[in-house]
Amino acid sequence: MATSPSVPLEHETQIFLDLFHQDGLVICARGLGIDRLLLRFLRLYCVPTGLVLVLNTSPAEEEFFIDQLRTCNVPHLPQRITNEIPSNSRYEVYMQGGVIFATSRILVVDFLTGRIPSDLITGILMYKAHRIIESCQEAFILRLYRQKNKKGFIKAFSDNAVSFSTGFCHVERVMRSLFVRKLYLWPRFHVAVHSFLEQHKPEVVELHVNMTPAMRAIQSSILDILNACLKELKHCNPALEVEDLSLENAIGKSFDKGQKFSGRLNKFTVSKSYSLLAGCWLFLDSSTSMFLNARGRVYRLLDNKENKKRKASGKPDVEEEKGQRRELILESNPKWEGLREVLKEIETENANSKALGGPGRTLICAGDDRTCAQLKEYIVIGAEAFLMRLYHKTFGKDKEASEAFLKDQKAAEFPGGDAGGPWPKRARKKPSKPKGGGRRKRELTLTQMVGKGGRDPGEERDSCEEVSSGQESGGEAGPGDFPLELPSESCYGVLKEPLTVIHPLSGCSDPYALTRVLHEVEPRYVVLYDAELTFVRQLEIYKASRPGTPLRVYFLIYGGSTEEQRYLTTLRKEKEAFEKLIREKASMVIPEEREGRDETNLDLVRDATPAAASTDTRKAGGQDQKSVQHSVVVDMREFRSELPSLIHRRGIDIDPVTLEVGDYILTPDICVERKSISDLIGSLNNGRLYGQCVSMGRYYKRPVLLIEFDPSKSFSLTPRASLHQEISSNDVTSKLVLLTLHFPRLRLLWCPSPYATAELFEELKQNRLQPDPSAAAAVTADSESLPESDKYNPGPQDFLLKMPGVNAKNCQAILNRVKSLAELITLSQDKLAELLGNASSARQLYEFVHLPYTEAVSQGKTRR
């Protein structure tokens, strides 16, 4: 499936020209089409005469861009380099030119090994630049690229201004890692963007839906509970920033995913967390009110004489509730009534749509897949049948209560039941509808269209059983019945003609699924069941790129709710972030050499030696010593971490090799196995670390276990409250003690961050030989070239070294020439002297073996 290319907009053309003429970082508002801008550059550079690399894209995004370029009939489409392409074939792919999508790990290895022609690269396009930090793989690639190519361009794109508002000079640090000097800011309130979109804005109808009293009470209770939890958080952990722990931020979807918040919250002990979750809010009055109002939306208990007797007897509430009769209420969602009104209005307009060229298609967008499934089922079978099925699924069959509920609902005018509140209020008056000259054939309603197959309600209810579980359902019409190929697995086709589709705003595996559906369906009516800022902006761009095509957007939102507050908070945060970036840009001082096109950029210097470091003049009169270029052999799998980038920045060459033993080979004798805390615990539990230590101790004289901590967390293996005086088989510290006892030559290195690890590696390499990559790659777990000390089992060696006269110097001679301990006992003293090379040692060993115990006691050769 391919979407039709849209017309470039005025502000997009201006952004494109600015960035084309001078490299920089573009930060746009969410939904303003940063992907459209990148697509224009991809279309420009999809020619075999140049080589352009695209970084920081996911496979789904790459597939989307290639699909769009294929639609535009681009002859030389971008190529994707993955681990499926052999390393010896990648050079040929690079030499073919054009645009290349490649993973960061592959590009780092190809830059280090010289497999990619660095001097022939035309430039690099960096997507989602807000994720760039100094030590990430993408920054490492840009540094390697700038060290070898001074002429190519670097252009970066981002649509997340809020990410740049955290930290000190965040945007300046990102620009430093990107090697760009210019910053282009394009918020929604930019004059060019605002004026152009206002000329082509869609018709918007806002429907402020009133919540029912029970819903308002539940919302108030939840807010009280959140406020109590926030107070408990502040009390238990004063290190958390008070500004982040506000009720306004807490109702946001990304509150618990904040890096600062989650990183510091992990410091809590188990006891504090339990107290926070269970002891804080569960016994509040608000929690009781929340549960009672939630139950009141479903049913109420009938208060008869028998129930009064039970109350007087003082039986528990659970026992009491089981014996009481229930009167079903099944309060309907107020937004369903608003959706019904909107769909009825759309149906009426489609019945008189000759002037517009026929009936228009409708796209209904809800928050997630589960909500879409509920809306589909509501449209198909109605509110009362849907709510009854949910009740039976949750509480089991209750025939008496169900019959009473259905009997009460028979008098309702609409089969969907009461919406539970007054009708939605319009924010502004809708334009008058054009009157058709002749009467057209009446369009069927949604329920009539779907239900005209003649099935009974029982079958209808069973058919929707799967829909409620979040699975795909095509309703009455099969997938082949629709005139268009719906591109997403999460689409819910409701009607064939006019086409009506329900699609989630988030939760799809393809991030561009909704964009594909929007361009494929080309709806005349869009119903926003839930508010989402990015898609609202996408609709603005969609309408502006199709001038003259009518588009009406219905915005359903609960008035005075947290949903409305969350949407407004998102708008405010983005506006404040852009205002902060504008102030930072006005006062930003950027050096001329920032782009790294000459040798004056200090960020490209690979030397960690301080400039004020003194020279030792006692070495041969201060003459220049021959400097040796240090190198480290690094396992290919380690390029997922940021440590290789930091090692390379300290002036140490990196040799990427596939290693079976160890992760880093610092010298011919030092082998390092790097473990994060989570990896360490997992390796200790499954026994993998034991085998790794055996292999390192067998092939290297100095095996090292590096335990690397997360810099955002505390530098401690276990919390103080979890320390035990006794050794436990489940304790990580106890397992490490047993590991060091079993491997005496194993050394442990504790590093608080990757920066400390890189510095420690540099110190360990001082005045030592450099490792051989080919020799390190030849070492395998099943290698036959064992060291001299590992040709024999360690048990007999330890036993032999305990015997008098045997030491580390002559032990190997005995092992090489004597088959067993039984043969050793039969040797004479002269033969032992010849074997050990020392008469005194031979006499000690011979007497230890042959001298009787009583004689040894009489000669005083025993120890008490």
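Analyst: Lys 155 and Asp 23 form a salt bridge, with their closest N and O atoms 2.8 Å apart; the term asks for a side-chain nitrogen of Lys or Arg within 4 Å of a carboxyl oxygen of Asp or Glu. The model is predicted, so local features need pLDDT of at least 70 and side-chain atom pairs count only at pLDDT 80 or more, while totals for chains, interfaces and linings use all residues. Residues are numbered from 1 along each chain as its sequence is written, and side-chain values use heavy atoms, leaving out hydrogens and water.

Now to where the partners sit. Lys 155 belongs to strand E6 (residues 153–158) and Asp 23 to the loop between helix H1 (10–21) and strand E1 (24–28), so the pair ties together parts 132 residues apart in sequence. Helices (H or I, at least four residues) and strands (E, at least two) are DSSP runs, numbered from the N terminus. Both Lys 155 and Asp 23 are buried, meaning under 20% relative accessible area, against over 50% for exposed and in between for partly exposed (1.4 Å probe, protein chains only).

Across the whole structure, a search finds 36 salt bridges.

Another one pairs Glu 349 with Arg 552, at 2.6 Å between the closest N and O atoms. Glu 349 lies in helix H16 (residues 334–351) and Arg 552 in strand E16 (residues 552–558), so this pair ties together parts 203 residues apart in sequence. Glu 349 is buried at 10% relative accessible area, and Arg 552 counts as buried at 9%.
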